[in-house]
4 protein chains.
Amino acid sequence: MLVVMAHGATKKEIDGVCEAIKAMGYTPLPMPGAQRTTVGLVGNDRRVDGSLVAELPGVAQIIHVSNQYKQVSREWRPDPTIVTIAPGVTFGGEDVPVIAGPCSVESEAQILESARAVRAAGGVALRGGAFKPRSSPYSFQGLGRKGLELLALAKRETGLAIVTEAMDDEGAHLCAEVADCLQIGARNMQNYSLLKTVGRIKKPVLLKRGMAATIEDLLLSAEYVLSEGNPNVILCERGLRSFDTTSRNLFDLTAIPVVKGLSHLPIVADPSHGTGRRDKVTPMARAAVAAGADGIIVEMHPHPERALSDGAQSLTPDQFSELMRQLRRVAEAVDRSIAGSPVGVA
Amino acid sequence: MLVVMAHGATKKEIDGVCEAIKAMGYTPLPMPGAQRTTVGLVGNDRRVDGSLVAELPGVAQIIHVSNQYKQVSREWRPDPTIVTIAPGVTFGGEDVPVIAGPCSVESEAQILESARAVRAAGGVALRGGAFKPRSSPYSFQGLGRKGLELLALAKRETGLAIVTEAMDDEGAHLCAEVADCLQIGARNMQNYSLLKTVGRIKKPVLLKRGMAATIEDLLLSAEYVLSEGNPNVILCERGLRSFDTTSRNLFDLTAIPVVKGLSHLPIVADPSHGTGRRDKVTPMARAAVAAGADGIIVEMHPHPERALSDGAQSLTPDQFSELMRQLRRVAEAVDRSIAGSPVGVA
Amino acid sequence: MLVVMAHGATKKEIDGVCEAIKAMGYTPLPMPGAQRTTVGLVGNDRRVDGSLVAELPGVAQIIHVSNQYKQVSREWRPDPTIVTIAPGVTFGGEDVPVIAGPCSVESEAQILESARAVRAAGGVALRGGAFKPRSSPYSFQGLGRKGLELLALAKRETGLAIVTEAMDDEGAHLCAEVADCLQIGARNMQNYSLLKTVGRIKKPVLLKRGMAATIEDLLLSAEYVLSEGNPNVILCERGLRSFDTTSRNLFDLTAIPVVKGLSHLPIVADPSHGTGRRDKVTPMARAAVAAGADGIIVEMHPHPERALSDGAQSLTPDQFSELMRQLRRVAEAVDRSIAGSPVGVA
Amino acid sequence: MLVVMAHGATKKEIDGVCEAIKAMGYTPLPMPGAQRTTVGLVGNDRRVDGSLVAELPGVAQIIHVSNQYKQVSREWRPDPTIVTIAPGVTFGGEDVPVIAGPCSVESEAQILESARAVRAAGGVALRGGAFKPRSSPYSFQGLGRKGLELLALAKRETGLAIVTEAMDDEGAHLCAEVADCLQIGARNMQNYSLLKTVGRIKKPVLLKRGMAATIEDLLLSAEYVLSEGNPNVILCERGLRSFDTTSRNLFDLTAIPVVKGLSHLPIVADPSHGTGRRDKVTPMARAAVAAGADGIIVEMHPHPERALSDGAQSLTPDQFSELMRQLRRVAEAVDRSIAGSPVGVA
C-alpha cells in the first residue's frame, strides 16, 4: 500500500500518516517527490485496509500494490491448472474442447437431437440449462429437475460430458448429481454464497464473467471457489455490457491473454452470448481460439426458430459442424488442436 | 413487436414473416417504407418471443414495443406506492426519510453509538450489515447472527427502523426476524432465487440497482418480488460502473425522474456508494433530494478511521448532522420534508 | 512515479530498474514489501515517461502519482477562478448564471423570440448554434455566418451575452467576432488544434466534457487552453455515453464536486444533453444546482415541435420560466443565487 | 419511423399523431396492439425528424427504422470496396496488409531503422506520426514538417507506403504531400470539419473509431468523407474506453464482422492501441485476422525503451517478425494471405 500525500501536505501531516502506519504494525517509508510525498508500507500484506489512513489530514490517495487474490494467481502457482471434467475433456492443456448445446433443455427430443448433433460434429460436452436465470419472471424458467433427468439421458446416449447452470444452493446440489461441470452464470458471478457452495461441492466449475466485472473481480470470485478447497475452476469470457447495442454484448477477447498472464486457471470463450447474433458466432469463435482460448462454449439448437430462449444466437447443427471445421484449422495455426473428432452421422 | 425487413427483402420473404406471425396466433400488418418494409403484430402481448422470426430470411431486426415488466409499471398502477417499513418511516410520499449507519455491524459499542448518532441528527432508520458481500473471500464478512442481535438491540435502544442486507435464502429468513426492511445488494440484483425468497417473506425490500443494470433490468428484478405477492419494494440508485475511477461509481441521479416516470415504486439514493468519497457524499445527497429522491441511505460511522469496511466513504456523526441540516433546506425548496427531527443529544 | 516489481523479481532486476531511474536523472528508492518490492522516484516531475521502465525485466506495473495537468489544478491556484463573459455574467462566484436558447439558430424570428423568452424569465446569456456538429452529413448543419449575424442582432435587442459553438479554426475566429463565450463541443474536446486556437483568441471558453472523457482528460484539455495564455475556461458536464439508452446520456453530476476539488475552474451543467428528455431537464437542473454547479446551460425553443434539431429535449418558454423559479429556490437552499431576475413580459 | 403511443393513449391523441404525420407529407398507418398502439409512416425517408412528433400528447417513444448512413452501407453497394493506397497495398480483398512503425517519427535514424525492419519482416506500409494528438500539452507533440520529410525519405529508401495522422486542415494538406493514406485519429473521429477536408483531398483515409463511438457513429463519420466524393475509406477498430483498466482499451473485435455486415468498406484492427500492452499485441493481432480483419496496424520501434511515446505497447523488430510469421499461419487458416513477404535483412 502506498499513501500519496496532497501537494503541500505539512510535515506534521506526513508524520501523522507514519504514526498511523506504525500503529497498524508496519514500517512507514516516506518518499519525497518534487510535487508530493508518498509514504510506502514496508512489510505490508494483503489485509491492510487503506481506508484507515485514507482520510487522515493531508492524504490525497491510497494506492494498493498487492493483488487481493492469492490462490488463483500465477505467482501462487506458475504452471497452468488443467481441469478435467470427464475422461478426455480437459481444459488448460494443448487440447481445445468445444461445449455446445441449446440455451435451455426443452424436451427429450430436443436435447437428444442436440446431443447427437454435438457429438456428430466433434463436440465433447453438452450444455443446456435446466434452471434458467431470466430477466423477466414471466419468461420460461427452465424445466428444473425434469431438465436434469433429460441431460442425464443425453449423457447416457452420447457419452458427452454435461455442463449446466446452478442458480442457488439447492439447485447446485441437484445439478451436481448429473453434471460434470457446474456453470455459474454472469448474473451470479458475485453471488458469494453460491460460490462457496460450489466450492464445497468440489465438482469442476465454469465461472462466467459478470456483465461489468473487471478481470480482478472475476479472479476474486474464482478465489471464493478455490478458498473452499475446489481448485477446478474454468473461467469464461462471455461479453460485457456496452453502449453499442449493435451486438448484445461487448466480447472482450483480450481477457484471454490477460487472464493467462495473471492466473494459472484455464479460460474459455462464449461467442454466442459474446455477440448475441448467430452470424457473428463463427468468426468470433475463430478469433477466440486464435487469441488463445482453452475452450469454446457455444449455443446450438436443432431448430433455432422454435427455441424457447436465445434462438437468435443459436447455430443450427449444420452451422455448428462448419464452425468445428473452421476451428480445427485455426487451432492448428496456433499449435493447438480441437478436442474430439466428428463421429458417425447426426 | 415489429419486424423490420432488410432493404431489398423480397415479397416472398415478407410473406414468410406474415405466415410465421399468423402461425403464432397474431395478425401481421405489413407497412412498406421508402427504404424497408416493417411488419407489425396486431394483438401482440408480452409473451411474444422475437427470436422465432428474427432469423427468417429477409428479416433485419426485431423491435419490441411492449415492456417486459408489468406490475411495477405506472401503466399498471398510476398512483405512487407508499412503502411503510415502520411507524412513521414511509417512502414514496411527501416525507423523505434518511437511513444511516455503518457499512458493517462491528461491535455492540459501535452499533449503539451509531444508532444514537443517527437518532440524534434526525435519521429514522439504521443501516448496518450483518452479512457482507465482499469482493475478496479474505475480507471481513460480517458478524452474522451476532450482528443481527446487535441490530435488534440498537432498535430497542433507539426506536430506529432496521435495514439490513440478505445475501442468500437462509440469511433472508434470519434477517427478516430483526429487520424492518431487507436490503438486496447490487451484486445480487439478478439473483432471482433470492428475489423470489424475499418476495415470499413479504417484508419491505430495498432493492439496489446493479453495477451495470439498465433501469429496465432494475424494474424487472423488482417485478420478481412483486410477482411473489410482495408489493413493498423500494428501489435504490447507488452508482454504476464507469471508466472514470476518480469516483468509485458513476452516480446516475437521472434514474430518479426516469423511474418515477416508468414505475409507481419509490426510489431512494445512496450517495455513499454512489461516490465512494466522504467529501462528495453531502453535495450528492443534496442533489438526489433536489432530483426528487424518496429517501437517502448513507454510511455513517462513529470512527470512520477504524471502520472494518468502507471507512473512506463514511461520514462522521458531525458530518451526518450537517448533512441532515442541509437536506432539510433542499427538501423544503422542492416542497418536501425530511422525515423525523433531531432529538436530544448524541 | 512508482515502479511495482513482480512477485519474485530478482535482486538483479530490481537493480536494473534502479539503474534505469538513475540514468533518467532521478534517485530510486526501493521499498521491499511482503509480496513485492516497489521502487519510487525521488525528485520526479511531470515529464517522466513510465514506458521507459515499464518493460524492463521484473517490472509488473507503473503507477503515476503526479497529475499531468498543472495550471488548471487547485494546487497551482487555490482560489476559484471567476470567469466574466459579459458585465454581470460571472461564473465561479456566488451567482449561478443560466444560459438558455435553442440548439440551432434557425431564423430571425426564432432567435429573437428565444432571446426575449430567456430574458423575460431571468436568463443572462443566450445559447444557439450557427455551426452545428451533426452525426450525419445529411442533417441540418446550421446557418453559418448568417446565424452569427442573427445572434448579434439578438444581443443588441436583449442585452444577453452570447455563447456559441466553434467547430474549426476559421469558425472560431468568426464566432469570436460575435460571441462573448466560445463553446467547444463534446465531440471536439480533444481536438487539440482547436483548443490551441481558442486559447490564442483569448475569449472565454465553455469547454464541454467528451462523451467518454475522464475528469482528468477534461482538465488536460482545459490545460491546452490555459497553456496558450487564456485562463478564462468554464468547464461543462453534459453527460457520458452509457449502456442504458433510457436517457440520451448518463449525466455525471458527481463531476461537479470532483472538479471543484481538483481545479479552480468553474463548472456548469447541461441537463438538456445530460438527459435528452424534456421532462427530465428540470429535476436534473435542480440537482445540478444542489450539487454546486456554477451555472446551468439549457435548451429552450419557442416551438420545440418545429425545431430543426434537439426538439425533444428543448423546454418551452413557459417550462423555462418555471425552471428558473424552481432553480431560485434550490440555489437559495445552498446559499447561492441565480444571476439576473425576470423582466417585463416576453 | 414508428411512433409508439403510451398505454391508454386516447383516440384523439392517436388521431393527432396521424394528422402530424400527414402534415409532414407521409401516410400514417395505425397498428393497435394489446398494450399499445403503434403508428407507422408509410413512404418515410431518411430526413424525418422524430422530435417533431415525439412530444405530442400520448406519444411514448419514437423508433427509427432507417439508418442515417447511406453511401457507406451494404445496401447502397453490395460488393466490397477495395482501397489501394499504393501499388500492391490493397485493403478489402483477399490480401491482408500489415502497416507497422513507431508511434512518432523521432529522428532520421529511428524512422529508417523502423522502415527497414518493417520491410524485412514483410510489412507493406510504414506508420509514424509527425503530428501527435497528446492528452497533455506538455507531452511530445511530434516533429511536424520535419517528421513528414523523414517519412518521405523512409519511403524512398524502402518503397513502403506511408500512413500518417492529420490533426487539422493545414496538417491534412501537408501530410497529403507525403502520405499514401491519411489517418484520422480516434479523438478526431467526430471532427467533421477535418473529415470534410480529407474527403476533398481524396487521398485514401484510415478512419479510427472513437473511444466511445458506436459502429453507427463510425459509419456516419465515414459517410462525411464519402459525401465529399472520396470513396477510399479504411475503417479501423482500436479499442474502446472501458471500466477495466487492466488493458488500456477494450478491443472490440466483433466490430469486424459487424462492419462487414453493414458496410462495404474494409476494416483493419490496431492491437497496439486496442490492448496497450506489448505482450497482448501478438495474440490479439492473430484474433483480429481470424475474425476477418482486412489489415493490421501495429506499433513497432527499434528501441521501445527509448521511445518518446507509446513505448510500452511497441513491439521490437524481432517480435514484429515473429508476429508476421504467426499471422501468415492464421491468415491461411481463414483462406486469406498476409500481403508481402519478408525481404533481405533488417
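Helices, as runs of H or I at least four residues long, and strands, as runs of E at least two long, are taken from DSSP and numbered from the N terminus. The model shown in these views is predicted.

**View 1. A:Lys202 sits in a loop of chain A.** The loop runs between helix 6 (192–201) and strand 12 (205–208) of chain A. A:Lys202 is not a glycine, yet its phi is positive, at about 75°. Is A:Lys202 buried, exposed or partly exposed? A:Lys202 counts as partly exposed because it has 14 C-beta neighbours inside 10 Å.

**View 2. D:Asp335 sits in a loop of chain D.** Helix 11 (317–333) lies on one side of this loop and strand 16 (337–338) on the other. D:Asp335 also has a positive phi without being a glycine; the value is about 60°. D:Asp335 counts as exposed, because it has 9 C-beta neighbours inside 10 Å. The cut-off for exposed is 12 or fewer.

**View 3. D:Ala222 is a buried residue of chain D.** D:Ala222 belongs to helix 7 (residues 215–226) of that chain. It has 27 C-beta neighbours inside 10 Å, so it counts as buried. Which residues does D:Ala222 touch, leaving out those up to four places away in sequence? They are D:Val72, D:Leu207, D:Val233, D:Leu235 and D:Leu265. D:Lys208 is 14 residues from D:Ala222 along the chain, and their C-alpha atoms are 9.8 Å apart.

**View 4. Helix 8 of chain D is mostly covered.** This helix spans residues 255–262, and six of its eight residues are buried. The buried residues are D:Ala255, D:Ile256, D:Pro257, D:Val258, D:Val259 and D:Lys260. What covers them? Part of the cover comes from chain D itself, including helix 7, strand 13 (233–237), strand 14 (267–269) and helix 10 (278–291). Chain A takes part too, with its own helix 10 (278–291).

**View 5. Chain A meets chain B.** The contact takes 37 residues from chain A and 36 from chain B. On the chain A side, helix 2 (51–54), helix 6 and helix 7 (215–227) each supply at least two residues. Which element gives the largest share of that side? Helix 7 of chain A does, with five residues. By type, the chain A side divides into 14 nonpolar, ten polar and 13 charged residues.

Definitions and conventions: Residues numbered from 1 in each chain as written. Chains lettered and ligands numbered in written order. Predicted model: local features only at pLDDT ≥ 70, side-chain atom pairs only at ≥ 80, totals over all residues. Buried ≥ 20, exposed ≤ 12 C-beta atoms within 10 Å, placed from the backbone. Contact = placed C-beta atoms within 7 Å. Nonpolar A, V, L, I, M, F, W, Y, C, P; charged D, E, K, R; others polar.
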